[in-house]
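Reader: I would like to learn how to read the features of a model like this one. Please show it first, and then I will ask.

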Amino acid sequence: MWPGRRCGSTRSLSAGDVSGPASSPATPVFGPVRRTVAEALGTALLLAIVVGSGIMAERLTQDTAVALLANTVATGAGLVVLIAVLGPISGAHFNPAVTLVFALKRELPTRAAAAYAAAQTAGGVAGVWLAHTMFAEPVLQVSTRLRDGPALALSEGIATFGLVGVILAGVRFRPQAVPALVGLYITAAYWFTASTSFANPAVTLARSLSDTFAGIAPVSAPAFIAAQIAGALAALVVFSWLLREESAP
């Protein structure tokens, strides 16, 4: 989610190079291995935050609203930090839906996009296992928390549409603010969507492997993922039109 990061000769971002061309004579270039590792690491830490804060919240309170609030704050804050720190390396996608959008915009080569998606998925699973280990939970789990129904699927489509829109518009107009914009949007979307805004196929898959507060039953995951992809594609179409400059009359 970082503007200015290049993969080969193409820009591939969801957030931006905070230094900007004016303040830095040469933008650092990171190789494909480092970029892919950054995506895996960032997604792993994101899932450790989401699942770990959920476990902690459940242990500290029986009030579901308070637990969700704690989970929300930790996730939003964590996103801001992870995007700011790892964005200059890989673009800080941490999300196959975001990667798909930048690949379709031809700002990320197909091979790099496939590597990103694989790294995000593997990193997400590793992050869940790390959270389980930190809290002395069984490492290998399968969620039993059903999240079914058209309302939840619609919520995921809307959450992902909004996320991609925030990224595309943020990269265009306020690149230095993208970490905060994404973190704040997800913080809000936790509460205005019925699904609590997964908005990320890798996160959805990984959370299906955690039978904790943040989990989602594997049977519920396909509808979430389909809605997320649809929302991301819809945002690409709408915001590509919305952000296109018109020629002067």
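Reader: Is Ala-136 buried or exposed?

Author: The cut-offs come first: buried means under 20% relative accessible area, exposed means over 50%, and partly exposed is in between, with a 1.4 Å probe and protein chains only. Ala-136 counts as exposed because its relative accessibility is 71%. Two notes on the source apply throughout: this is a predicted model, in which local features need pLDDT of at least 70 and side-chain atom pairs count only at pLDDT 80 or more, while totals for chains, interfaces and linings use all residues. Residues are numbered from 1 along each chain as its sequence is written, and side-chain values use heavy atoms, with hydrogens and water left out.

Reader: What is the phi of Ala-136?

Author: Most residues other than glycine have a negative phi. The phi of Ala-136 is positive, near 55°, and the residue sits in the loop between H5 and H6. Phe-94 is not a glycine either, and has a positive phi of about 55°. Phe-94 belongs to the loop between H3 and helix H4 (96-104). Phe-94 is buried, because its relative accessible area is 1%.

Reader: How many helices and strands does the protein chain have?

Author: Helices (H or I, at least four residues) and strands (E, at least two) are DSSP runs, numbered from the N terminus. Here the protein chain has nine helices and two strands. Along the sequence the pattern reads β-β-α-α-α-α-α-α-α-α-α. The chain has 249 residues, of which 51% count as buried. A buried example is Ala-113, at 11% relative accessibility, in helix H5.

Reader: How many salt bridges does the structure hold?

Author: A salt bridge is a side-chain nitrogen of Lys or Arg within 4 Å of a carboxyl oxygen of Asp or Glu. The structure holds four. One of them joins Arg-145 to Glu-58, with 3.9 Å between the closest N and O atoms. This pair links distant parts of the chain, 87 residues apart: Arg-145 is in the loop between helix H5 (110-134) and helix H6 (150-173), and Glu-58 is in helix H2 (residues 32-60). Arg-145 is partly exposed, at 32% relative accessible area, and Glu-58 is partly exposed too, at 35%.

Reader: Which residue forms a salt bridge with Glu-137?

Author: The partner of Glu-137 is Arg-59, and the closest N and O atoms are 3.1 Å apart. This pair also links distant parts of the chain, with Glu-137 in the loop between H5 and H6 and Arg-59 in helix H2, 78 residues apart. Glu-137 counts as partly exposed because its relative accessibility is 25%. Arg-59 is partly exposed as well, with 48%. Another salt bridge is formed by the side chains of Lys-105 and Glu-107, at 3.6 Å from N to O. Lys-105 is partly exposed at 32%, and Glu-107 is partly exposed at 22%.

Reader: Which residues form a nonpolar patch on the surface?

Author: Patches are made of residues with over 30% relative accessible area and no salt bridge; like charges are joined within 9 Å, and nonpolar side chains (Val, Leu, Ile, Met, Phe, Trp, Tyr) within 5 Å. Accessible areas come from the Shrake-Rupley method with a 1.4 Å probe, and for residues only the protein chains shown count as cover. Leu-69, Val-73 and Trp-191 form such a nonpolar patch, with about 310 Å² of accessible area together. Leu-69 is in helix H3 (residues 64-90) and is partly exposed, at 46%.

Reader: How much space lies in the largest cavity?

Author: On a 1 Å grid over the protein atoms alone, a cavity is a set of points where a 1.4 Å probe fits but cannot get out, and lining residues have an atom within 4 Å of a point. Grid points are joined across faces, edges and corners, and the volume is the space filled by probe spheres set on the points. By this rule there is one cavity of 30 Å³ or more, and the largest cavity holds about 170 Å³. It is lined by 18 residues, and the closest to its centre are Leu-46, Leu-79, Ile-186, Phe-198 and Asn-200.

Reader: Which element gives the most to that lining?

Author: H7 gives the most, with three residues.

Terms used:
1 Å grid on protein atoms, 1.4 Å probe; cavity = no way out; pocket = protein on both sides within 12 Å on 5 of 7 lines; lining within 4 Å.
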